[in-house]
Amino acid sequence: MEVLERAIEIPAAEDNAAALLQAVRALADGPLAELADDIDRRGIYPKSILQRLGELGALQAHIADGARPADYGLAIRAMTEVSRVCGATGFMVWCHAVCGVYMEQSGNPALTGERLALHNQGRTLGATGMSNPMKTFAGIETLLLHARKVAGGYAVSGTLPWVSNLGPDHYFGAVADVEAASGEIMFIVHCDAPGVELRNCPSFSAMEGTNTWAVRLSDYFVGEQDLVADPVRPFIGRIRAAFILLQTGMGLGVAQGAIDSMWKVERQLGHVNEFLEDRPDELQAELDELTARIMGLALTPFGTGREFLIDVLDARAHASELALRAAQSALLHQGARGYLMTSDVQRRVRESHFVAIVTPALKHLRKEIARLSAEEQPQ
């Protein structure tokens, strides 16, 4: 039963988008599905899958290219297709996609042009080290990277405990405060450059193949060619909605995969599963409604109005909550077979936990919604 078709209704005029989604779905249901368990438990990094997604155009739908406008809705739908089969790979698609946002929106010619083209095609792979800065700007943490001015740029030192989708030839966006100054800089870190050390992280309960490392910087040099933003906070304010909206593809995909697995056992177990809450048709209707809502928000990904930001944060929170509910319900619907360690249902339960704790986590989202809502109240 092609339940995903209901969540993704593609008008005839969107032939190119339909072709892209069909190609991504074929890749996800074939080669990616075969690797999903190894990605989750054995730590296999799906580099070839990510590169193939780049070749298909799935990594650049949200980046304007000549006459082709940016399409955040299409980027989210492509990420949904990937996350439906493998949440870890969907997460890495987001890591790479949001790094492209940093580069495109930087206004730095050295980060656009050929460098951005290679990134969009998946020929080079990027990531994001923005968990700590995002929490810092929300009053949850303090910055872990510190920069001082030197000839021609900055020297940055410090350690980020978790950065995903990394490798020796990868790069990622990061933020550091500036010594003896009141602001911060945002920049690209190259993993193969002097002053960069990748350190092993403890094992995770899931998604081991995300190539997540602790990154230690020791007097890492940042020149003009790698500067994303200075000052940083206006830049973050401008891209925040886009950053969060792109993430919704993970939650939508994990939820859809869980609903699909519920339908797989409906013929055999429907006579008893009908007594469970969160049945697949009910969850599908809720997911379809949320998808439509997110597609509407994705039309203006760089909106900065307070009401718009609250809506974006709420949609992201809803995607997390729905993924959690759908994954747990799928486990109950499948019963003992879903409790096997090799079950995609068991994996998806753990993936849904990640969707709910990755920055911005549910508690972070609710904190920001409460803050923005309080600002709306009359004095």
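**Entry 1**

I started with Arg52, which is partly exposed at a relative accessible area of 37%. For my own notes, buried is under 20% relative accessible area, exposed is over 50%, and partly exposed is in between (1.4 Å probe, protein chains only). This is a predicted model, where local features need pLDDT of at least 70 and side-chain atom pairs count only at pLDDT 80 or more, while totals for chains, interfaces and linings use all residues. Residues are numbered from 1 along each chain as its sequence is written, and side-chain values use heavy atoms, with hydrogens and water left out.

Next I looked up what Arg52 pairs with: a salt bridge joins Arg52 to Glu55, with the closest N and O atoms 3.0 Å apart. A salt bridge here is a side-chain nitrogen of Lys or Arg within 4 Å of a carboxyl oxygen of Asp or Glu. Both residues sit in helix H3 (residues 47–56), 3 residues apart, about one turn of the helix. Helices (H or I, at least four residues) are DSSP runs, numbered from the N terminus. Glu55 is exposed, at 57%.

**Entry 2: Arg371 and Glu368**

I found a salt bridge between these two side chains, 2.9 Å from N to O. They are 3 residues apart in helix H13 (residues 362–376), about one helical turn. Arg371 is partly exposed at 34%, but Glu368 is buried at 6%.

**Entry 3: Arg25 and Glu81**

I got 2.7 Å, N to O, for this salt bridge. It links distant parts of the chain, with Arg25 in helix H2 (residues 15–42) and Glu81 in helix H4 (residues 72–85), 56 residues apart. Both residues are buried. I also noted a salt-bridge network linking Arg25, Asp29, Glu81, Arg84 and Asp260.

**Entry 4: the count**

I looked up the total: 23 salt bridges in the structure.

Key:
Helices (H or I, at least four residues) and strands (E, at least two) are DSSP runs, numbered from the N terminus.
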